[in-house]
Amino acid sequence: MLSDQDYFVKKSGASALGKIGNSSPEVIKALVQALSDKTHYVRSSAAEALGKIGSNSPEVIKGLLTALNDQEHDVRSSAAQALGKIGSNSPEVVKALTHMLNYWEGGARSSAAKALIKIGISSPEAIKVLIKPLSHQNSDVRWRAVGELI
């Protein structure tokens, strides 16, 4: 189903695999490949499914780290959430998520902040980037920053 021509079938298939929670090598491989699909809905659903399955295999982590740089904010956000659910606190993951804290669009920053909090990262660099917006002149920026911390 993840090789179907219809993006909705692929998106739904990825979601179903995440709900089932099967972490077989075939499922993981198919979902990691779906992170490169031409349709962002499929890529986002694949990232969400990998987070639900919870596999922290090297190919999953590599695929999700790549997805953090996707052109679509929903894919970046889903990848960050997945890394938080998986709980990988490798230096590479922490660095990538901390880097995402410098962006404000589409919830990707919020997802990265929550992922860092979920995996228990309290590095000085991450904390500095998390609290900096609390003193921003724009109240919307301050409000979002507070939301990320709770």
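Start at Leu68. Leaving out residues up to four places away in sequence, Leu68 touches Arg76, Ala79, Ala80, Leu83, Ala96, Leu97 and Met100. Contact here is heavy atoms within 4.5 Å.

A word on the source. This is a predicted model, where local features need pLDDT of at least 70, side-chain atom pairs count only at pLDDT 80 or more, and totals for chains, interfaces and linings use all residues. Residues are numbered from 1 along each chain as its sequence is written, and side-chain values use heavy atoms, with hydrogens and water left out.

Now α5, residues 73–86. Helices are DSSP runs of H or I, at least four residues, numbered from the N terminus. Ten of the 14 residues in α5 are buried, meaning under 20% relative accessible area with a 1.4 Å probe, protein chains only. Among them are Arg76, Ala79, Ala80 and Leu83. The buried residues of α5 pack against α3, α4, α6 and α7. Just after α5, Gly87 has a positive phi of about 85 degrees.

What about the core? The largest nonpolar core has 40 residues. By definition, that is a set of buried Ala, Val, Leu, Ile, Met, Phe, Trp, Tyr and Cys residues joined through side-chain atoms within 4.5 Å. Leu31, Leu50, Leu64, Leu68, Leu83 and Leu97 have the most contacts inside it.

Definitions and conventions. Buried means under 20% relative accessible area, exposed over 50%, partly exposed in between (1.4 Å probe, protein chains only). Helices (H or I, at least four residues) and strands (E, at least two) are DSSP runs, numbered from the N terminus.
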